[in-house]
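This report is intended for reading alongside the sequence and the three-dimensional view. Please keep both at hand while following the text.

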Amino acid sequence: MTHGQFPYIRGRRLRNSAALRAMVAEHNLKPADLIAPVFVMEGEGEKVEIPSMPDYYRYTLDLLLEEVKQLKDVGIRSLVLFAKVPDEKKDNKGTEALNPKGLMQRAVRAIKEQFPDMLVMTDIAMDPYSSYGHDGVVEDGEILNDKSVEILSKMAVSHAKAGADIVAPSDMMDGRIGAMREALDEAGFEHTGIMAYSAKYASSYYGPFRDALDSAPGFGDKKTYQMDPANVQEAIKEAQLDEQEGADIVMVKPGLPYMDVIRAVKENVSVPVSVYNVSGEYAMLKAAAQKGWLDEDEVMMETLVGFKRAGADLIATYFAKAASKLLNEQS
Ligand SMILES: NCc1[nH]cc(CCC(=O)O)c1CC(=O)O
Ligand SMILES: [Mg+2]
């Protein structure tokens, strides 16, 4: 409404100082919202920068523990672990994934031993262990659902035994959440949580991650199990099904091109919703920042608060450490 030619309702009044802006901010990001993805590899005393992910590293377990200490020191309280498996340990039935002395299991044990308060989540999927680079058992060029679910359930129990607080199935097989819940309960792990990658799209934004783990599919693509980017109704269905099957948290992945999906899922489930700000999204921002085309810190924070505004309760992001540091400085 205007009085004469001047507005007497002025939105700018509440934007006039940092204190005012902070007071009326509708969404606030905090380090506890962030899940840091971490990559572990075999060996000792080594860290390797992932070429398509500047400033992001794969660590041997000893150095990973130092990195976890740093994450903890900046206020990060949860991480999701991914293991890089040497080629000679890959096969078509996830043998190494179930090895109680496997890298993933050793890493979980070591992290929980040194940092009992750090929430440790583990990736459940066969691709890093698969000679075909697929998320399930391959037969005649097909990715078998039910056979894969059996292995994934065993994987979940194996990670729970090692001490994982939450298992995070990222495979998109049907029915795996229910099967996993049952397997965990039967093994006495009724307190181990499940964060389901419920609406995981067949996305080309995963490229840098597949470089990090050397896990790109050996043939074809993942479109027979990961979702079609054209769909949002289907995401609601997938998330609701996972909730019914016992998921404690549901996830949308990737993040930036799927903000509407986050909102839709948030409005249709009663469990917390997480989003995965994936490797390709990280790579894009880093590349533009390196060229001096974008301000890295500003765009990072704008992106992360955007996820919260869209409806995400939790954010898995390669920016977790950097964002936490900034949040600490600002507060
Ligand atoms: N199933 C494994 C998995 N878990 C997380 C990602 C991608 C994460 C990222 O790109 O940051 C992938 C890759 C894939 O499905 O091909
Ligand atoms: Mg599903």
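**Confidence of the model**

The structure is a predicted model. The protein chain has a mean pLDDT of 96, and 99% of its residues reach 70 or more. For the complex, the predictor reports an ipTM of 0.97 together with a pTM of 0.96.

Strand β12 spans residues 249-253, and because five of its five residues are buried, β12 is largely enclosed by the rest of the structure. The side chains divide between two directions: Ile249, Met251 and Lys253 point one way from β12, while Val250 and Val252 point the other way. Lys253 is therefore buried, since five of the five residues of β12 are.

Two parallel pairings involve β12. With β11, the strand pairs in the parallel sense over five bridges, and here Met195 stands opposite Ile249. With β13 (residues 273-277), β12 again pairs in the parallel sense, over three bridges, and Val252 stands opposite Val275.

Strand β11 (193-200) is likewise largely enclosed by the rest of the structure, because seven of its eight residues are buried. A parallel pairing over two bridges joins β10 and β11, in which Ile194 of β11 is the bridge partner of Val167. The following table collects the pairings.

| Strands | Sense | Bridges | Residues opposite each other |
|---|---|---|---|
| β11 and β12 | parallel | five | Met195 and Ile249 |
| β12 and β13 | parallel | three | Val252 and Val275 |

β10, α5 and β11 form a right-handed β-α-β unit. A right-handed β-α-β unit is also made by β12, helix α8 (residues 259-266) and β13.

**Ile249 within β12**

Ile249 lies in strand β12. Is Ile249 buried or exposed? Ile249 counts as buried because it has 22 C-beta neighbours inside 10 Å, and the cut-off for a buried residue is 20 or more. Leaving aside residues up to four places away in sequence, Ile249 touches Met195, Val271, Pro272, Ser274 and Leu314. Ile9 lies 240 residues from Ile249 along the chain, and their C-alpha atoms are separated by 41 Å.

**Helix α5**

Helix α5 comprises residues 176-186, and its buried residues are Arg176, Ile177, Ala179, Met180, Arg181, Ala183 and Leu184. Which elements do the buried residues of α5 pack against? They pack against α4 (145-162), β10 (166-169), β11 and α7 (233-245). Of these elements, β10 and β11 are also the strands of the β-α-β unit that contains α5. After α5 comes Gly188, which has a positive phi near 90 degrees.

**The shell around ligand 1**

Ligand 1 is surrounded by Asp123, Ala125, Asp127, Asp135, Ser170, Asp171, Tyr206, Phe209, Arg210, Val278 and Ser279. By class, this shell consists of five charged, four nonpolar and two polar residues. The residues around the ligand include the aspartates Asp123, Asp127, Asp135 and Asp171, as well as Arg210.

**Backbone features**

A cis peptide bond joins Lys253 and Pro254, with omega at about -5 degrees. Lys253 belongs to β12 and is buried there, whereas Pro254 is found in the loop between β12 and α8.

Positive phi values also occur in residues other than glycine. Asp55, in strand β5 (residues 53-60), has a phi near 70 degrees. With 14 C-beta neighbours inside 10 Å, Asp55 counts as partly exposed. Asp140 has a positive phi of about 50 degrees and is found in the loop between β8 (137-139) and β9 (142-144). Asp140 counts as exposed because it has 5 C-beta neighbours inside 10 Å, the limit for an exposed residue being 12 or fewer.

Key:
Residues numbered from 1 in each chain as written. Chains lettered and ligands numbered in written order. Predicted model: local features only at pLDDT ≥ 70, side-chain atom pairs only at ≥ 80, totals over all residues. Helix = DSSP H or I, 4+ residues; strand = E, 2+ residues; numbered from the N terminus. Contact = placed C-beta atoms within 7 Å. Near = placed C-beta within 6 Å. Nonpolar A, V, L, I, M, F, W, Y, C, P; charged D, E, K, R; others polar. Pairing = 2+ DSSP bridges. Right-handed = clockwise from strand over helix to strand, strands pointing away. pLDDT = per-residue confidence, 0-100.
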